[in-house]
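I opened my notebook to look through a new structure, one entry at a time. Here is what I looked up, in the order I did it.

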Amino acid sequence: MDQRRSAAEGDTLAHGRITDTAEDRFDDEDYPAYSMGTAAEMLGVTPTFLRALGAAHLIEPRRSSGGHRRYSRYQLRLAARARELVDQGTPVEAACRIIILEDQLAEALRINAEYERERTAGD
């Protein structure tokens, strides 16, 4: 699952240049605001668990200028879902695959609904 969205997505285009204001970052669920320690504490997991999710390609944290992992709210939601599945006895790799499939299904349903709206609007 590729969670990297285009660099310009979520940024504001002002006078021909892209700006990224604090207000934009507050609203951007893809902004990597949380350090590994903070993310682990919020989720009630260990940093090792977060690294395992990265190894399973569920979440790929961005890196700070100092090389530290940084997580977005979107990634934390995926990690929380993974924790739910693992707590129910699902192996980490299987949990990650389930979440990837759930995410793909949700995106396909969103696209289909959008298509249906456009189709019915054209009638």
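**Entry 1**

I began with H57, which is partly exposed, with a relative accessible area of 49%. This is a predicted model, so I kept that in mind for every entry. I looked up where H57 sits and found it in the loop between helix 3 and strand 4 (62-63). I noted that most residues other than glycine have a negative phi. H57 is not a glycine, yet its phi is positive, at about 65°.

**Entry 2: the whole chain**

Next I stepped back to see the protein chain, which has five helices and five strands. I wrote down their order from the N terminus as β-β-α-β-α-α-β-β-α-α. How many of the residues count as buried? I found 24% of the 123 residues. I also looked at contacts between residues at least 6 apart in sequence, and 61% of these join residues at least 24 apart.

**Entry 3: helix 2 and helix 3**

I reminded myself that two packed helices are described by the angle between their axes and the distance between the axes. For helix 2 (residues 36-43) and helix 3, I noted an angle of about 100° and axes 9 Å apart. The two helices are therefore roughly perpendicular to each other. I then looked up who meets whom: M36, A39, A40 and L43 of helix 2 meet P47, L50 and R51 of helix 3. By class, I noted six nonpolar, no polar and one charged residues in this contact.

**Entry 4: helix 4 and helix 5**

How do helix 4 and helix 5 lie, oblique or roughly parallel? I found that the axes of helix 4 (residues 73-87) and helix 5 (residues 92-121) come within 9 Å and cross at roughly 130°. That makes helix 4 oblique to helix 5. On the helix 4 side, I listed Y74, L78, R81, A82, L85 and V86, which meet V92, A95, I98, I99, E102 and D103 in helix 5. The residues of this contact divide into nine nonpolar, no polar and three charged.

**Entry 5: helix 5 by itself**

I checked the length of helix 5: at 1.5 Å a residue, its 30 residues should span 44 Å, and its end C-alpha atoms are 43 Å apart, which agrees. Which residues did I find buried in helix 5? They include A95, C96, I99 and I100. I looked up what covers the buried residues of helix 5, and helix 3 (47-55) and helix 4 are among the elements that do. My last jotting was that an α-helix has 3.6 residues a turn, so residues three or four places apart point the same way.

Technical notes. Residues are numbered from 1 along each chain as its sequence is written. This is a predicted model: local features need pLDDT of at least 70, side-chain atom pairs count only at pLDDT 80 or more; totals for chains, interfaces and linings use all residues. Side-chain values use heavy atoms; hydrogens and water are left out. Axes are lines fitted to C-alpha atoms, for helices over the stretch in contact, and angles run from 0 to 180 degrees between N-to-C directions. Helices (H or I, at least four residues) and strands (E, at least two) are DSSP runs, numbered from the N terminus. Angles under 35 degrees count as roughly parallel, over 145 as roughly antiparallel, 65 to 115 as roughly perpendicular and the rest as oblique. Contact means heavy atoms within 4.5 Å. Ala, Val, Leu, Ile, Met, Phe, Trp, Tyr, Cys and Pro count as nonpolar, Asp, Glu, Lys and Arg as charged, and the others, Gly among them, as polar. The expected span of a helix is 1.5 Å times one less than its number of residues. Buried means under 20% relative accessible area, exposed over 50%, partly exposed in between (1.4 Å probe, protein chains only).
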